[in-house]
Amino acid sequence: MAKSEIRVCRYAHCLHKDKNINLVTDKYAKDGSAYYHEDCYRTRDDIQRIKILWHDHIDNMVVYAQLNKILNNLIFVEHISSDYILFAVKYAIDNKNVKLQHPPGLKYILGKDYIKEAYK
């Protein structure tokens with residue numbers, strides 16, 4: 001296999017055992033000169049969108065270190081889908097009866113049955 005067909009996933013929390021991306025056989029995303037596995041890029045993008053939504057709609061004085069720690073724990077330790085977390089944040093913004101005011105509260109709304117049902 002030619003060396004030019006292999007790239008390394010640039011995501012710090014790469015979701016794969018092997019960070020190598022075969023440009024011929026693997027699904028990937030390219031951002032500038034950086035290559036990512038498709039699911040790594042999607043997770044990275046979801047996290048960025050959650051941070052923007054949080055700042056714009058929930059708390060513009062959010063402590064990003066705390067929000068990052070909570071998101072990293074939920075996604076990479078507890079293996080909760082970043083797509084589901086993004087949905088739950090959007091749901092909380094759209095439905096004022098769901099109280100989401102600080103990053104640790106995120107874990108509690110993820111367990112609500114009505115949010116799980118809406119996600120399905």
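Here is a short walk through this predicted model, from its overall layout to a few individual residues.

Let's begin with how to read it. Residues are numbered from 1 along each chain as its sequence is written, and side-chain values use heavy atoms, with hydrogens and water left out. As this is a predicted model, local features need pLDDT of at least 70 and side-chain atom pairs count only at pLDDT 80 or more, while totals for chains, interfaces and linings use all residues.

That score, pLDDT, is the predictor's confidence in each residue, from 0 to 100. The protein chain averages 87, and 98% of the residues score at least 70. Confidence is lowest in strand E2 (residues 20-22), with a mean of 83, and highest in helix H2 (residues 64-77), with 92.

Now for the layout. The protein chain holds five helices and four strands; helices (H or I, at least four residues) and strands (E, at least two) are DSSP runs, numbered from the N terminus. Read from that end, the order is β-β-β-β-α-α-α-α-α. Along the principal axes, the C-alpha atoms fill a box of roughly 55 × 30 × 20 Å.

Of the 120 residues, 34% count as buried, where buried means under 20% relative accessible area, exposed over 50%, and partly exposed in between (1.4 Å probe, protein chains only). The chain exposes about 7700 Å², with carbon and sulfur atoms supplying 49% of that area; accessible areas come from the Shrake-Rupley method with a 1.4 Å probe, and for residues only the protein chains shown count as cover. Gln-48, found in helix H1 (residues 38-58), is partly exposed at 40%.

Next, take a look inside. A nonpolar core is a set of buried Ala, Val, Leu, Ile, Met, Phe, Trp, Tyr and Cys residues joined through side-chain atoms within 4.5 Å. The largest one here has 32 residues, and Ile-85, Leu-106 and Ile-109 have the most contacts inside it. E4, H1, H2, helix H3 (82-94) and helix H4 (105-110) each supply at least two of its residues. The largest share, eight residues, comes from H3. Leu-106 touches residues including Trp-54, Ile-70, Ile-85 and Val-89, not counting residues up to four places away in sequence; contact means heavy atoms within 4.5 Å.

Finally, turn to His-37 and the cysteines. His-37 lies in strand E4 (residues 34-37) and is buried, with a relative accessible area of 5%. Leaving aside residues up to four places away in sequence, His-37 touches Cys-9, Cys-14, His-16 and Asp-18, among others. The side chain of His-37 also reaches the backbone oxygen of Asn-20 at 3.4 Å.

How many disulfides are there? The count is zero, a disulfide being a pair of cysteine sulfur atoms within 2.5 Å. Cys-9 is in no disulfide, and the nearest cysteine sulfur, that of Cys-14, is 3.9 Å away.

Methods. A polar contact is a pair of N or O atoms within 3.5 Å; within protein, one must be able to donate a hydrogen and the other to accept it, and residues adjacent in sequence count only if both atoms are side-chain atoms.
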